[in-house]
Amino acid sequence: MPRRLDGLLLLDKPAGISSHAALQEARRLCGAAKAGHAGTLDPLASGLLPILLGEATKLAQYLLDSDKEYLAEARLGVTTTTGDAEGAVLERRAVRISEDAIERALERFRGEIDQIPPMHSALKRDGRPLYRLAREGASVERAPRRVTVHALEFLGRNGDCLRLRVRCSKGTYVRTLVEDIGTVLGSGAHLAALRRTAAGRLRIGGAVTLQALAALEPAARVRHVLPLDSMLEDLPSIVLPAESVARFRQGQALAQTSALRGRCRVCDGGGRLLGVGEVGEDGRLQPRRLLASG
């Protein structure tokens, strides 16, 4: 019987299944009544998929907004309809490119850059995902988006396949990055493989696979579920006195003597997370996201 379970499960999603399918299997294994995830991985991709259980779903935006890190394989000389290995081949070209030329090309994509989102993406136009339009053979104009590539490291080469480490802001499409690198090199390229290794402070080293989770007894599976405040470790904390807890839970603004300003996590005297607040320049704490008690 599904039950209320609040917390964060770091899942190492395998390649070959959708994020939704991985989410539903993780939810079933943990016996959770409610679950979501923070940041879709394409079926092609593997790696860190934060699974949000119960009240954690209310905090999804704080993970969605975080930087992400990936290990990517870029196949030079082959372009595809989707920009990755799942698409049909559009063109093949001979590859005669030095590592110095690769390094020079990568330098052009470090820092703030403009990207045109791919047609094969979950972005919507008139309520319909672009990937559905693309499957029907349609193509619509997409406005460029400003993203930040904090790190783009050339890790090595195996023939025409480059290994890259990418750390980037939210909204960055690694497949588009790879295609654009291929364009600069004059060879074309597509994303051959992708593995997410980090989201904010969360790292793949702390993740569990579906296979490992399934091999555990039900009581042992929930030991992999992290507490809610593990999602908000980057935020400073405010501890409310007992007389203010009920008012905060009711959505009331509270006067603060603290010098803290901006977004913060809010706890009671026992360390229980009450939600997320924001302290304005007037020193008043405004509730921004409230968590259910109990």
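Hi everyone, let me start with one leucine: L232 sits in the loop between β14 (225–226) and β15. Please keep in mind that this is a predicted model.

So, is L232 buried or exposed? The relative accessibility of L232 is 1%, and because buried means under 20%, L232 counts as buried. Which residues does L232 touch, once neighbours within four places in sequence are set aside? The contacts are L59, Y62, R265, L273 and V276. As for P129, that residue is 103 residues from L232 in sequence, and the two C-alpha atoms are 30 Å apart in space.

R265 belongs to strand β17, residues 262–267. Five of the six residues in β17 are buried, so the strand is mostly covered. What does β17 pair with? On one hand there is strand β15, residues 237–239, which pairs with β17 in the parallel sense over three bridges. In that pairing, S237 stands opposite R265. On the other hand there is strand β18, residues 273–279, and here the pairing with β17 is antiparallel, over six bridges. The bridge partner of R265 in β18 is V276.

While we're here, have a look at the turn. β17 and β18 form a hairpin with five residues between them, and G271 in that turn has a positive phi of about 85°.

Now on to V276 and the next strand along. β18 pairs with strand β19 in the antiparallel sense, over five bridges. In β19, which covers residues 284–290, the bridge partner of V276 is R289.

Let me zoom out to the whole chain. It has eight helices and 19 strands, and the C-alpha trace spans about 70 × 50 × 40 Å along its principal axes. Of the 294 residues, 47% are buried. Take contacts between residues at least 6 apart in sequence: 66% of them join residues at least 24 apart.

The chain carries 44 positive and 34 negative charges, and their mean positions are 4 Å apart.

Finally, the cores. Nonpolar side chains tend to be buried together in soluble globular proteins. Here, the largest nonpolar core has 47 residues, and L9, I51, L152, L164 and I181 have the most contacts inside it. Not counting residues up to four places away in sequence, I181 touches L106, F109, L152 and L164. There is also a second, separate core of 21 residues, which includes L52, A56, L63 and L228.

Notes. Residues are numbered from 1 along each chain as its sequence is written. This is a predicted model: local features need pLDDT of at least 70, side-chain atom pairs count only at pLDDT 80 or more; totals for chains, interfaces and linings use all residues. Side-chain values use heavy atoms; hydrogens and water are left out. Buried means under 20% relative accessible area, exposed over 50%, partly exposed in between (1.4 Å probe, protein chains only). Helices (H or I, at least four residues) and strands (E, at least two) are DSSP runs, numbered from the N terminus. Two strands pair if DSSP finds at least two bridges between them. Contact means heavy atoms within 4.5 Å. Lys and Arg count as positive and Asp and Glu as negative; His and the chain ends are not counted. The place of a charge is taken as NZ of Lys, CZ of Arg, CG of Asp or CD of Glu. A nonpolar core is a set of buried Ala, Val, Leu, Ile, Met, Phe, Trp, Tyr and Cys residues joined through side-chain atoms within 4.5 Å.
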